[in-house]
Amino acid sequence: MTAEPVFIDFAVRHASTIDTYPAEVLARLEADAAVIIARYPSPRSALLPLLHLAQSEEGYISPSGIGFCAEQLGLTPAEVTAVSTFYSMYRRRETGDYLVGVCTNTLCAVMGGDEILAHLSEYLGVGPGGTTADGTITLEHIECNAACDYAPVVMVNWEFFDNQTPRSGRDLVDALRSGEQVTPTRGAPLCTFRETARILAGFADTRPGASDAALPGDATLAGLRIARELDMQAPSVNASGDAAGPDDQQAAAETTADKPAPAPDATAPPRSGSPETTPHGEGV
């Protein structure tokens, strides 16, 4: 999601000095981890949700979280660190209650994403990657989140806020900092970053309305509406399960023509009197 430093200090700690959680925290997390691990045929397959569980405890993947995941799954801290630093959803710094990400990829940038990020950075007094002094907001720039039809997009704890402007972005962070209940354009009402991490670990969100489906909007359905108006249909499927269109035969012919000629089936070097040197039998 963000451009954060990849190199962190987990690897400099010897395995015998891995940070650990306090006993009461460890006991609670171990019980949750047992539930998660039981869902998988191989324990190490549970690493991703376990990382979310660790993140739900401190708001980022701390050395304690690395050690916890390694111990639960029989992995080395280096193996856990390699995974946690590969995926951008796992935070490597302490994160505020709300992770506010402004998309600055091509379309969102053209539609005003860069302006929104600059405005929020000045308004909050923190640059991308920074957290406000009250610990409420962490501001980030993010890459494409597959919502180009609603550009420019702001995400808060992975939930969408569509068609944003500098003013609406400012109103959004004001509402978050004042403790208001904020509902995204699509999705469930927001919860804190740590609560979101626990949900991503696979535990149910029991809040009222949390499971209400978010319906697609007009921009998302525009292509489908046009296809219906023009009576457009997908290609039929043949017996082999492949889609067959009117240009398939031509495409197949072109593919065959592009293939290199087969190598000759001959001895190397050819023997005198063989079909390769006297194909019609002359002189034999």
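Figure 1. Asp 231 has its place in the loop between α9 and β5 (236–237), where helices (H or I, at least four residues) and strands (E, at least two) are DSSP runs numbered from the N terminus. The model is a predicted one, in which local features need pLDDT of at least 70 and side-chain atom pairs count only at pLDDT 80 or more, whereas totals for chains, interfaces and linings use all residues. Residues are numbered from 1 along each chain as its sequence is written, and side-chain values use heavy atoms, with hydrogens and water left out. Although Asp 231 is not a glycine, its phi is positive, at about 55°, and with 57% relative accessibility the residue counts as exposed (buried means under 20% relative accessible area, exposed over 50% and partly exposed in between, for a 1.4 Å probe and protein chains only). Ala 146, in the loop between β2 and β3, likewise has a positive phi, near 60°, and counts as exposed at 70% relative accessibility. Most residues other than glycine have a negative phi, and most peptide bonds are trans.

Figure 2. The bond from Ala 151 to Pro 152 is cis, with omega near 0°. Pro 152 is placed in the loop between β2 and β3.

**Figure 3. The open sheet β2-β1-β3-β4.** In this order 4 strands form an open sheet with mixed pairing, two strands being paired if DSSP finds at least two bridges between them. The edge strands are β2 and β4 (159–161), each of which pairs on one side only, and neighbouring strands are turned by 25° against each other on average, direction ignored (axes are lines fitted to C-alpha atoms, for helices over the stretch in contact, and angles run from 0 to 180 degrees between N-to-C directions). Strand β1 (residues 98–103) runs parallel to β2 and is joined to it by 6 bridges, while β1 and strand β3 (residues 154–156) pair in the antiparallel sense over 3 bridges. Within these pairings, Tyr 98 has Ile 137 of β2 as its bridge partner, Val 102 stands opposite His 141 in β2, and Val 100 stands opposite Val 156 in β3.

**Figure 4. The two sides of strand β1.** Strand β1 is mostly covered, with 6 of its 6 residues buried. Tyr 98, Val 100 and Val 102 point one way from the strand, and Leu 99, Gly 101 and Cys 103 point the other way. In a regular strand the side chains alternate between the two faces of the sheet.

**Figure 5. Glu 140 in strand β2.** Glu 140 lies in β2 (residues 137–142) and counts as buried because its relative accessibility is 3%. Its side chain makes a polar contact with the side chain of Arg 91 at 2.9 Å (a polar contact is a pair of N or O atoms within 3.5 Å; within protein, one must be able to donate a hydrogen and the other to accept it, and residues adjacent in sequence count only if both atoms are side-chain atoms). Of the 6 residues of β2, 5 are buried, so the strand is largely enclosed by the rest of the structure.

**Figure 6. Helix α4 and its buried face.** In α4 (residues 77–86) the buried residues are Val 80, Thr 81, Ser 84 and Thr 85. Seen down the helix axis, these residues fall within an arc of 125°, so they line one face of α4, the arc being that of the directions from the helix axis to the C-beta atoms. They pack against α2 (47–58) and α3 (63–73), with contact meaning heavy atoms within 4.5 Å. The face turned away from this buried side carries the exposed residues Ala 78 and Phe 86.

**Figure 7. The largest nonpolar core and the surroundings of Leu 53.** This core has 23 residues, and those with the most contacts inside it include Leu 50, Leu 53 and Val 80 (a nonpolar core is a set of buried Ala, Val, Leu, Ile, Met, Phe, Trp, Tyr and Cys residues joined through side-chain atoms within 4.5 Å). Helices α1 (23–37), α2 and α3 each supply at least two residues of the core. When neighbours within four places in sequence are left aside, Leu 53 is in contact with residues including Leu 29, Ile 36, Phe 68 and Phe 203.
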